[in-house]
Amino acid sequence: MKTALWLYLFLFLAFFDLHAQYPILTPFAISLGAGPAFIGWMMGMYSLTHLPGNLLAGVLVDRNGSRRYIVFSLTAAGAILLLQAHAQLPWHLLMLRAASGFALAFLSPACMTLLASLSSDAETQGKYMSGHGIIHTLASVVSPAAGAYIVHKAGYSGTFSTLGWLLIATGLMALFSVPKHSPALSPVSLPQALQDKPARPAAVQAKATKRYYLLPFFVSCSQGVLFFELPLSQGKDGMVSTGILLSLLSLGALATLSLLFLNRLSPAARIAAALLGMALCFFTLAAFTSIPPGVVLFLLGAAKGVLFPAMASLFISLGSGGHLGRTFSLQSIAMSLGAFAGPVAAGQLRDYVSPYFIAFVLLMTAILLLPPRGDNKPAPYRTGLNSHAA
């Protein structure tokens, strides 16, 4: 539990730092002379460069443990932010965002692997993942508005410098507080029924797994559309309103993440309900502009709060045999591809169709591609006796 608390602290500081940039990146890019299409590519490039980092993280975290990659990711991202404070041209920002995407690609697989390795019980693992989501959401409640406020007081350069030093300090704290090796999980601690449960045929397992990875892709696409369109819809001088709306999104997620009894429900049912709720929220943003966006974003956040712990439970069930790092790495790759495709598509099609409608179509497609009922029951993550520490 002590390890989880330290990790939650570092995650809070890291997520605060990262989410504080969301309402200010688009206005900053506009101030450098960037247009909507370039902004879409800038946001997408950050996600695209996640891919090589995700591929490396999956293997390296399973082989060497999580600590060194948590420290590297935080300190490298902080140093890049210090350089970002001095960007003068749009392509400067593009290159720095690309570098930041690679550096931060190691953070999520390393943290999720370490959290999942703290217990061999499926419900406890679900609670750890919900705790991860709560910390993420608590940071994102205050950080967008805080980022906009810091820009108002210190300007873009001062804001990026402040956030950069905060990330570097967090990385140094992690160096001395995160254990070198995660706790080893023994299969003898599992219920005998789980140890003796026969594995599904490889072809069936592979087919189900492919469908699982479509979920984070489409969800991340829709999120990328939101983070692209929301600042543009508020205008160049709407940083504060954008920050408030993003905080309402996070408050909605916090409301449902706090309902830990939801972890007892089927992950498949939670995923289906959450995807439908998110899709309806995006349709409302596209078609019913008279409804206050703050209300819709709160409900959208509530659906996200149900979705992400459920997806984490599914992916934990795929990470047996000491390969949890690889599993979360592939999940991050799917999310990176989606986060790249979403804003790029929205930037290219914004003159023809509402980006929010694009997100609606993506999420409804994700519902249609959900694995069949009964084909997605998660089992606890467990490490074999000869597996590397995650």
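Student: Take the end of helix 2. Which residue just after helix 2 takes a positive phi?

Tutor: That residue is Gly33, with a phi of about 105°. First, the ground rules. This is a predicted model, in which local features need pLDDT of at least 70 and side-chain atom pairs count only at pLDDT 80 or more, while totals for chains, interfaces and linings use all residues. Residues are numbered from 1 along each chain as its sequence is written, and side-chain values use heavy atoms, leaving out hydrogens and water.

Helix 2 itself spans residues 22-31. Helices here are DSSP runs of H or I with at least four residues, strands are E runs of at least two, and both are numbered from the N terminus. Helix 2 is mostly covered, with 7 of its 10 residues buried. Buried means under 20% relative accessible area, exposed means over 50%, and partly exposed lies in between (1.4 Å probe, protein chains only). The buried residues are Pro23, Ile24, Leu25, Thr26, Pro27, Phe28 and Ala29.

Now the whole chain. It has 15 helices and 0 strands. Of its 390 residues, 56% are buried. The accessible surface comes to about 16100 Å², and carbon and sulfur atoms hold 69% of it. Such areas come from the Shrake-Rupley method with a 1.4 Å probe, and for residues only the protein chains shown count as cover. Among contacts with a separation of 6 or more, 88% join residues 24 or more positions apart. A contact means heavy atoms within 4.5 Å.

Next, helix pairs. Helix 5 (residues 67-84) packs on helix 6 at about 170°, with the axes 8 Å apart. Axes are lines fitted to C-alpha atoms, for helices over the stretch in contact, and angles run from 0 to 180 degrees between N-to-C directions. Helix 5 is therefore roughly antiparallel to helix 6. The cut-offs are under 35 degrees for roughly parallel, over 145 for roughly antiparallel, 65 to 115 for roughly perpendicular, and oblique for the rest. Ala, Val, Leu, Ile, Met, Phe, Trp, Tyr, Cys and Pro count as nonpolar, Asp, Glu, Lys and Arg as charged, and the others, Gly among them, as polar.

Ser100 sits in helix 6 (residues 90-104). Ser100 counts as buried because its relative accessibility is 6%. Beyond four places in sequence, Ser100 touches Tyr46 and Ile80.

A second pair is helix 12 (residues 267-287) with helix 13 (residues 293-317), at about 155° and with axes 8 Å apart. These two helices are therefore roughly antiparallel as well. Their contact has 20 nonpolar, 3 polar and 2 charged residues.

Leu285 belongs to helix 12. Its relative accessibility is 14%, so Leu285 counts as buried. Beyond four places in sequence, Leu285 touches Pro293, Val296, Leu297 and Tyr356. Leu285 and Tyr356 are 71 residues apart in sequence, yet 6.4 Å apart in space, C-alpha to C-alpha.

Tyr356 and Leu297 also touch Leu230. Leu230 lies in helix 10 (residues 202-234). Leu230 is buried, at 3% relative accessible area.
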